[in-house]
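Hi everyone, thanks for coming. Let's have a look at this model together, starting with the overall picture and then going into the details.

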Amino acid sequence: MLSNKLPSETKNLVVQRWPIELVLAEDGTSPLTVQLPPLEDILEMEAMKATHFSLKELAATAWVKMEQVFALELVALERKSERFSDSPSFLNRLADLADLAGNREGEAHFLERGQKLGKDNVFDHRLAENLLARGKFRDAESMFARMDLDTDVEANLRLAYFHLQRQDIEASLLLVLKALSIDPLNFGARLFEGALRLLRGEFELAIQSFRIASTERQNSSALFSNMAVAYVFLKNTDRALAALRRAVALDPLNENAVAFLADLAFSEGKNEDAIPSLRYLIGFEQKNPLMWARLARALLEIGELNQAIAALKRQGSVEDTSAVWNNLGVAYYRKKDPSQALICFRYAMTKDTGSRTQDFFLAACNAALVIAEKRDFDELLKFTSAVLLADRDRSILYDNTLSDLYVFYLHALKNLDQGEKAMEIAEELLSEQNIASNLKIWVAGVIIAYYAMEENGAQKAMSMVKEYEGLLPLRHGEMDVRQILLANNIVFACIESGHIKQANNYLRFIMNAIHKEPYPTATLGLLNMRKGHKDRGARLYEEAIRLAQSPVDKKRIRQKYYLELGIFWFEKDISQARRHLQKVINERQGESRLVAFATRMLKRLPLSRR
Amino acid sequence: MPLSQNSQLLVQTLEATPLLDGRFQNLKLVNFDALNDIKKGCFSLVFSAYDAVENATVALKFYDIDPALFYDPYRRNAFLREHEILQLLQSKERCLQLAAPMAVYDFSLPTPSGVAATFPCQYFGIQWLDQEIESFFYRQQDCDTLDKLRLFNEILLAVEALHRHEVFHRDLKPDNLRACEVLQKRIVVAIDLGTAARFSSGYIQQHYTVPVGAIGYAAPEAICGLAAHRYLAPYTDIYALGCLLFELFNPGLFFHELVSRNPKYQAILLGLSSYVQGVTTEPHQLLEWKKGIARFAAGVNLVDIEATGSSVPPGIVPLLNDLLHALTHTNFANRPRNLEWVRSRVWSAIRCLENQKLYARALMARRERRRLVEEKLRKKAERLQTVLATAKNAIK
């Protein structure tokens with residue numbers, strides 16, 4: 001193993017909205033300050049700002065018109081007061097019209113008049129509800145408490161709601177159970193009971209309550225959303241998805257259900273399931289940036305890049321935040337437009353001024369990846385140094401995603417022939433307490449590979465192997481990419497330092513990656529070469545070169561392959577050895593340490609035999 | 001809406017006219033609340049009058065000469081259409097009858113220049129129905145359930161009669177229903193056909209943004225801009241019948257209950273209306289409406305007859321619930337087109353209650369008989385004990 005694979009951008013999408021603050025660049029020479037904003041995208045977003053449609057807003061406006069109509073009807077009905085003012089049902093209707101007209105005080109007035117007639121308790125309930133609507137919670141609660149709690153389901157449920165607001169789940173549950181003892185099939189009581197069971201972590205019981213509720217009312221979208229939450233906690237995501245699909249089918253405007261469906265579908269890799277619902281909702285609710293973000297994420301995941309970019313621009317026209325520009329950058333990156341992606345990432349960083357938040361570093365992390373892929377190591381070093389300086393409390397060191405900035409920083413140093421400095425910093429990082437596990441694994445891998453390649457570094461490499469082998473999991477089936485890379489570097493170090501038996505032991509950790517990943521395949525090729533199985537080794541090296549996707553990786557593996565062939569022929573056939581060592585040296589933009597090694601080997605060939 | 005100055009002058013003149021058209025006396029404006037300065041209805045001024053020829057009270061409908069509305073073609077055409085429909089319903093059972101055909105009253109209005117301007121005021125006479133049925137709705141706690149069901153049956157018959165002649169009222173509400181006695185039997189008649197339409201009647205206005213009738217009784221499709229759709233017109237009446245059924249047995253308004261059960265009802269309506277907006281032809285409107293309904297109808301919670309404070313006897317709750325759900329279904333296709341079916345359900349409920357009443361009466365009678373027998377036996381036993389005690393004392 002010559003170099004660790006860099007982290008990818010796949011996880012660096014932001015969908016949840018974080019609090020964004022604006023920061024001005026402090027360092028005049030910092031690359032953060034010289035970036036032009038992505039004008040085309042900004043103009044497009046500006047143009048879209050005026051074109052958003054919101055059903056919610058329209059409904060509110062339409063309701064105001066309706067209120068005016070009902071206000072007129074109220075006046076018309078009041079004309080009949082002379083004949084019916086002593087009738088409770090007439091007063092109740094006046095209260096209804098007042099409520100529909102948005103006149104809560106008027107509603108209370110009619111209800112109080114009705115209550116004075118003293119013929120039924122309908123008015124007590126409605127008055128309590130009216131107090132609730134007017135924000136007089138204490139009065140409402142005391143009114144509900146005065147009702148006959150032995151027979152009144154609604155009063156019990158309302159009181160349970162007040163208790164829940166005060167975080168008193170137990171008292172709330174007692175009242176709900178009392179309501180259920182009065183009417184065991186009451187939909188509202190069962191729905192409430194299910195929600196309380198969820199809060200208490202009794203997920204099976206919650207589902208049981210929701211099921212009973214669903215027999216009473218089969219078309220409640222909220223009920224199926226709640227059921228989905230319970231299924232998620234029970235890790236039954238298929239049922240959760242089914243419940244959410246049903247919730248969305250029942251109420252396509254239920255934002256809660258649609259957002260939940262989108263998030264769950266994303267986590268399960270079933271983004272196609274959520275896209276129609278998201279699109280439908282967005283058709284009616286274009287002012288909700290969270291929905292645009294979710295649609296963009298889903299489209300990005302299924303590879304509809306242009307549509308994802310369009311969705312992100314719509315999101316950007318609703319809220320101009322760092323997260324939006326970061327996501328737009330990710331979309332451009334996936335669209336193989338790294339220069340536009342870089343502009344977006346940098347612009348995302350300028351959106352975040354004041355105190356440095358996670359959004360700033362996330363965008364920086366993504367920008368660093370793009371620069372690293374450009375192989376502009378000078379810029380990468382300058383950029384990452386500036387960003388790391390901005391992290392005054394070194395918080396990113398403990399974040400599994402953001403700590404990748406250190407990875408890029410070390411990568412830049414290594415490629416600028418400042419390997420020793422890189423290793424010094426890497427060792428310093430490893431000595432830190434509680435650093436992000438991802439960073440620790442990556443750095444350990446880098447150090448092991450570095451010393452394994454050094455002329456007299458075998459002993460140091462093996463001591464590092466001993467120290468960090470504990471970062472590998474107990475079962476090799478549960479390894480993530482970084483752990484595979486660490487394992488690969490450990491095997492590599494063992495081979496390079498001549499511990500073939502030990503290398504065979506560690507080989508099990510990378511078995512699943514051989515023939516799939518280039519570096520583990522090349523490492524097995526190296527092992528075969530060192531065991532003297534030249535043909536098998538050569539085949540594996542050639543396969544690794546085919547598997548490598550970036551030209552840089554291909555070059556490095558090819559260089560190492562030629563170096564191994566040079567070593568193999570060193571004692572057997574001088575001309576073959578010279579030819580292969582020369583190939584290592586001639587490889588353009590190859591690994592400098594391999595070139596140095598090959599040059600040293602070439603010098604060791606006897607003069608007469610050269 | 002207050003009366004315009006022109007209208008006020010017309011009213012004053014008419015009320016002061018001793019004999020109009022040689023037959024109408026004692027004209028009195030009835031659709032204006034002087035206390036609140038509000039006129040009821042938008043098209044016309046309604047007067048009660050005595051028809052000396054027919055020897056009966058009639059209602060005279062004058063086209064309102066409010067200058068702001070006088071030249072409004074919609075109002076004008078609606079006024080003419082009402083007369084046309086009433087002509088068609090002449091001598092039809094359970095339908096409002098025309099008492100006098102369309103005539104013109106030339107009303108001279110003095111102008112500042114001193115020259116009098118003449119306004120030709122169109123009017124027609126209709127049957128005067130003075131029995132209101134509002135007390136069944138606004139004083140429902142005092143009404144018997146059987147009475148309410150029989151009244152609803154009468155309302156159904158009235159609407160059925162209109163539909164039989166392809167007339168669709170489109171503004172059914174308690175205010176627009178009156179009763180009269182025919183052969184000592186109460187007959188309900190739907191009045192105010194100002195918004196009524198027929199399949200064959202032309203469009204006064206192609207697209208409506210609001211329902212033509214009262215919003216509290218309007219079907220979703222009427223609120224969503226399809227109020228002019230002729231095919232849907234009968235279903236609008238059927239929906240209103242459902243609202244009336246609910247309001248006969250509950251102290252609250254149907255619309256209030258619907259909105260309470262569906263807090264997002266307004267958003268749902270707007271979502272539905274987005275499907276039909278901009279669609280001009282009726283078949284396409286129907287097609288689009290069906291698409292919208294497929295998306296939104298399933299999530300609407302239908303209103304149950306047994307809301308808080310309901311007076312429905314438990315025995316007929318399921319029966320009336322099914323009926324109410326059918327009548328007020330969000331999807332018009334699920335509403336019954338045939339009112340005979342609705343009446344049969346209402347009659348089932350009536351029979352059910354009558355049987356219950358009979359059974360209760362019979363049970364009471366049996367209990368009373370048993371009580372009397374027991375009382376008799378008790379008295380007999382007491383007598384015997386007295387006799388025995390006397391005998392014992394005598395033996396001692």
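Let's start with chain A: 47% of its 610 residues count as buried, where buried asks for 20 or more other C-beta atoms, placed from the backbone, within 10 Å of the residue's own. Please keep in mind that this is a predicted model, in which local features need pLDDT of at least 70, side-chain atom pairs count only at pLDDT 80 or more, and totals for chains, interfaces and linings use all residues. Residues are numbered from 1 along each chain as its sequence is written, with chains lettered from A and ligands numbered from 1 in the order in which they are written.

Chain A has 32 helices and zero strands; here helices are DSSP runs of H or I with at least four residues, strands are runs of E with at least two, and both are numbered from the N terminus.

Let me pick out one helix pair. The axes of H4(A) and helix H5 (residues 104–117) of chain A come within 8 Å and cross at roughly 165 degrees. Axes are lines fitted to C-alpha atoms, for helices over the stretch in contact, and angles run from 0 to 180 degrees between N-to-C directions. H4(A) and H5(A) are therefore roughly antiparallel, the word for angles over 145 degrees. Among the residues making this contact are A:Leu91 and A:Ala95 of H4(A), and A:Phe110 and A:Leu111 of H5(A); contact means C-beta atoms, placed from the backbone, within 7 Å.

Now over to chain B. What is the strand order in its open sheet? Five strands run E1-E4-E5-E7-E6, with antiparallel pairing; two strands pair if DSSP finds at least two bridges between them. At the edges sit strand E1 (24–29) and strand E6 (98–110) of chain B, each pairing on one side only. Inside the sheet, E5 (residues 56–63) and E7 (residues 116–127) of chain B pair over five bridges, and B:Leu60 has B:Gly125 in E7(B) as its bridge partner. Helix H1 (residues 5–16) of chain B lies across E1, E4, E6 and E7 of that chain, at about 145 degrees to E1(B).

Finally, how do the chains meet? The contact takes 36 residues from chain A and 26 residues from chain B. On the chain A side, H2(A) gives the largest share, 11 residues. Helices H4 (88–100), H6 (122–133) and H13 (237–250) of chain A each supply at least two residues as well.

Conventions: Buried ≥ 20, exposed ≤ 12 C-beta atoms within 10 Å, placed from the backbone. Contact = placed C-beta atoms within 7 Å. Parallel < 35°, antiparallel > 145°, perpendicular 65-115°, else oblique.
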